[in-house]
Amino acid sequence: MKANITLLPGDGIGPEVVGEAVRVLDFIASKYNHTFEYKERLMGGCSIDAYGSSLTDETLADCQSADAVLLGAVGGPKWDDPTAKDRPERGLLALRKGLGVFANLRPVKVHPALMEWSPLKPEKLQGVDILVVRELTGGLYFGWPKGRDIKDGRERAVDTLEYYDYEIRRVMELAFNLAKGRKKKVTSVDKANVLESSRLWRQIATKVGKENPDIELEHTLVDTASMRLITGPAWMDVIVTENMFGDILTDEASVLAGSMGMLPSASLGEATVGLYEPIHGSAPDIAGKGIANPTGTILSSAMLLRHSLKLEAEAAAIEKAVEQTITAGARTADIGGKLTTRQMADEIIKIL
Ligand code: IPM
Ligand code: MG
């Protein structure tokens, strides 16, 4: 098949890890007879430097017209000024909204050989296989009103946690559909004892649950969920939650896997174009050293092949190769090894 992929390497280690994922994609293309055409564009801090905007209209259009978008990471101390008009993160949020990718899939699996890198005891990590479905284009990140003003002579800041019924329903339905191919269990996470938006969330989760009697649904408050992720992660399967809760819980869940550098994500919506990115950040402290772990981005490219290009066999081949590479002992610094970003990708390609 022929596919158009827009690359947004971004800032920090982004270009290093995206470069290696592209080598893996190119290898897949030649082995399975596909043609992947790339457009590389700036997004994030590098785009602020070049164009004065973290995401230009042209770049967004190049993402919207692609079959898939592969992103590295955005941000860094250079653009951290809290009074700045634009920030790298704004570009990322505008991109998610502009692509309409309302569901962010963040799978967390623990490779047995990496258990020692997690602070949890190995017996707690046995059998952990979680898929967090994070709502991505609503909630606190986008709700209106938002901003700062002076009220009654006091400086005030406002963010709004807002959800429409259809926004909750579409991400809930997607989570239930994904649960069908797994352990048939959905944990809906909210704060329904306090938040109005969470009571609507729970009401719709219950409705969608009734429409899917083959799936077991449980409701968990977000504070309890954060505890259960540590005390009994193996009991959780699909977790579906609001944007901000999902942001926090997925960083927590990533610790189970031993390193954030291992974990991929896929952001999907109604359209076929999906956005794929590792869950780690731009890691300015190690940027440019060529030692970042490319695995999260390589696994993100596998999710790209699966969800946007419907190339299941190719996606599974990458995932299997990563697993075998880790089993064979290949390690970057974050998981106790000495391999460079390039060498880690080489090991994966060798097995492919
Ligand atoms: C993530 C990140 C982003 C988010 C930031 C960089 C805006 O933390 O993808 O989890 O909060 O969504
Ligand atoms: Mg985050």
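Across the interface of domain 1 and domain 2, 2 residue pairs are in polar contact, both at pLDDT 80 or more, where a polar contact is a pair of N or O atoms within 3.5 Å, of which, within protein, one must be able to donate a hydrogen and the other to accept it, and where residues adjacent in sequence count only if both atoms are side-chain atoms. Helix H4 (residues 88-99) gives the most to the side of domain 1 that touches domain 2, with 3 residues; helices (H or I, at least four residues) and strands (E, at least two) are DSSP runs, numbered from the N terminus.

This is a predicted model, in which local features need pLDDT of at least 70 and side-chain atom pairs count only at pLDDT 80 or more, while totals for chains, interfaces and linings use all residues. Residues are numbered from 1 along each chain as its sequence is written, and side-chain values use heavy atoms, with hydrogens and water left out.

The two domains, whose bounds come from an automatic or database domain assignment, are domain 1 (1-103 + 261-352) and domain 2 (119-257). Their centres, taken over C-alpha atoms, are separated by 24 Å. The area buried between domain 1 and domain 2 is about 1200 Å², and carbon and sulfur atoms give 74% of this area; buried area is the accessible area (1.4 Å probe) that two parts lose on being put together, summed over both. Between domain 1 and domain 2 the count of salt bridges is 0, a salt bridge being a side-chain nitrogen of Lys or Arg within 4 Å of a carboxyl oxygen of Asp or Glu.

Most residues other than glycine have a negative phi, and most peptide bonds are trans. The peptide bond from Trp 144 to Pro 145, however, is cis, with omega near 5°, and Pro 145 is found in the loop between strand S5 (129-135) and strand S6 (147-151). Asp 152, a residue other than glycine, has a positive phi, near 50°, and its place is in the loop between S6 and S7.

Notes
Chains are lettered from A and ligands numbered from 1 in the order in which they are written.
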